[in-house]
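Please consult the sequence and structure below alongside the text.

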Amino acid sequence: MSASGAAEVDHEIQRPMTAFSTLAAVLDARATSTRGIVYIAGESSETRVPYAALRGRALGILRYLQDAGARPGTETVILVDGLAPFVDTFWACVLGGVVAVPLAPGNADEHKAKFFRVLERLRAPVLATERRIYDRLRT
């Protein structure tokens, strides 16, 4: 209410909030919109990815994870460099009902040791990584 007692009107369009039962349902619903996410990599570098493209990239990664044995409930270690590859792989896990286990790749021996300690605790995990990180783990 304003000081005069009149009700204030919000001039923005009010839309009812939609309830979703899963994160996958949210991305599926938003894939038809023109909206998306923005990756900011510094003061002058922004990359916009529409939700439809994010969903498409995630489904592509999910296919690889499934080919490697990932199924709903499977633990998948995400060991990638960079925000966009991580987000794409995380959403692949969400869309497939796969349990994401994100780890920072790092270059130090401690990162490598942590990776193997985590692997020992998981039941038949799938690994989502990049060739150069995989090669580093093998040495």
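Helices (H or I, at least four residues) and strands (E, at least two) are DSSP runs, numbered from the N terminus. By this assignment the protein has five helices and five strands. The model is predicted: local features need pLDDT of at least 70, side-chain atom pairs count only at pLDDT 80 or more, and totals for chains, interfaces and linings use all residues. Residues are numbered from 1 along each chain as its sequence is written, and side-chain values use heavy atoms, with hydrogens and water left out.

**Overall fold**
- From the N terminus, the order of elements is α-β-β-α-β-α-β-α-β-α.
- Of the 139 residues, 26% are buried (under 20% relative accessible area, 1.4 Å probe, protein chains only).
- Contact means heavy atoms within 4.5 Å; among contacts between residues at least 6 apart in sequence, 63% join residues at least 24 apart.

**Nonpolar cores**
- A nonpolar core is a set of buried Ala, Val, Leu, Ile, Met, Phe, Trp, Tyr and Cys residues joined through side-chain atoms within 4.5 Å.
- The largest such core has 19 residues, and Leu-54, Leu-65, Trp-91 and Leu-95 have the most contacts inside it.
- At least two residues of this core come from each of α1 (23-30), α2 (51-67), α3 (83-96) and β5 (126-129), with the largest share, five residues, supplied by α3.
- Another core, of nine residues, lies apart from it and includes Val-77, Leu-79, Val-101 and Phe-115.

**Asp-88**
- Asp-88 is located in helix α3 and is buried, at 8% relative accessible area.
- Leaving out residues up to four places away in sequence, Asp-88 touches Tyr-39, Leu-54, Arg-57, Ala-58 and Ile-61.

Key:
Buried means under 20% relative accessible area, exposed over 50%, partly exposed in between (1.4 Å probe, protein chains only).
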